[in-house]
Amino acid sequence: MGIVVRSALWGAAIGTLLMGAFVTAVDLAVPSDKPPSSAFITILAILVVAFMTGTIPGAVVGTGVGFIRRSVRQPRQMPRPMHPPVPQQPYDMWSDLVERCAASTRRVAAAVQTVPNSAAKDWLWRISGQLTKELDDVRGIAQLGRALGAVDRQHPVYQRLLQATHDFHQFENEVGRVALQMFDHPELDEARTHLEVLEKQLPQLSA
């Protein structure tokens, strides 16, 4: 049985008793010459009056008290803990350029892998390896820019790295062109001229 129902029942009982006692006291205080046979009717009248004026109002008041008691007893919901905001990493303008050079390096290696096995392919592999070493220089330039705290895209270090990104992309296109020619002419003598030109076109960042 809920606390509201119990409070309503207690309120009805208390209200009935109080009004019954009040009506009885009034009846006794008033002198009367009623015959004894009317005592039953008097008691019945007291009960009716007590019910009408005590039970119903008492139940209403008890119900209100019950709601109040229930709200007081209910545990308060603890506010959810506020998680500290995840700190956002500041934008790194250097990482974007480094990744573009790294992507060109990966595509060059993948293109060389498709060339038929030959001495010319071995030479092309060595050229691809030299491009990987140049990528280390790209990362070094980016580290220099970070160390200097450069945020201006017109900064000489950023412009140097931007040019390197362009050179890597151009070299990637040249490797694709030479690799396509080597499908038809994989012999070293046929590909020698193209490979020599390609080797001279390697991005020379450390020069």
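What pattern does the protein follow when read along the sequence? The answer is α-α-α-α-α-α, and the protein has 6 helices and 0 strands. Helices (H or I, at least four residues) and strands (E, at least two) are DSSP runs, numbered from the N terminus. The model is a predicted one, in which local features need pLDDT of at least 70 and side-chain atom pairs count only at pLDDT 80 or more, while totals for chains, interfaces and linings use all residues. Residues are numbered from 1 along each chain as its sequence is written, and side-chain values use heavy atoms, with hydrogens and water left out.

Of the 207 residues in the protein, 30% are buried, meaning under 20% relative accessible area with a 1.4 Å probe and protein chains only. The accessible surface comes to about 14,200 Å², and carbon and sulfur atoms hold 64% of that surface; these areas come from the Shrake-Rupley method with a 1.4 Å probe. Among contacts (heavy atoms within 4.5 Å) with a separation of 6 or more, 78% are between residues 24 or more positions apart.

With helix 4, the packing angle is about 10 degrees and the axes lie 9 Å apart. Helix 4 is therefore roughly parallel to helix 6, a term for angles under 35 degrees. Here the axes are lines fitted to C-alpha atoms over the stretch in contact, and angles run from 0 to 180 degrees between N-to-C directions. Residues making this contact include Trp123 and Ile127 of helix 4 and Leu188 and Arg192 of helix 6.

On helix 5, Val178 counts as buried because its relative accessibility is 1%. Val178 touches His194, Leu195 and Leu198, not counting residues up to four places away in sequence. The C-alpha atoms of Val178 and Leu198 are separated by 8.0 Å.

Notes. Buried < 20%, exposed > 50% of the residue type's maximum accessible area, 1.4 Å probe, protein only. Parallel < 35°, antiparallel > 145°, perpendicular 65-115°, else oblique.
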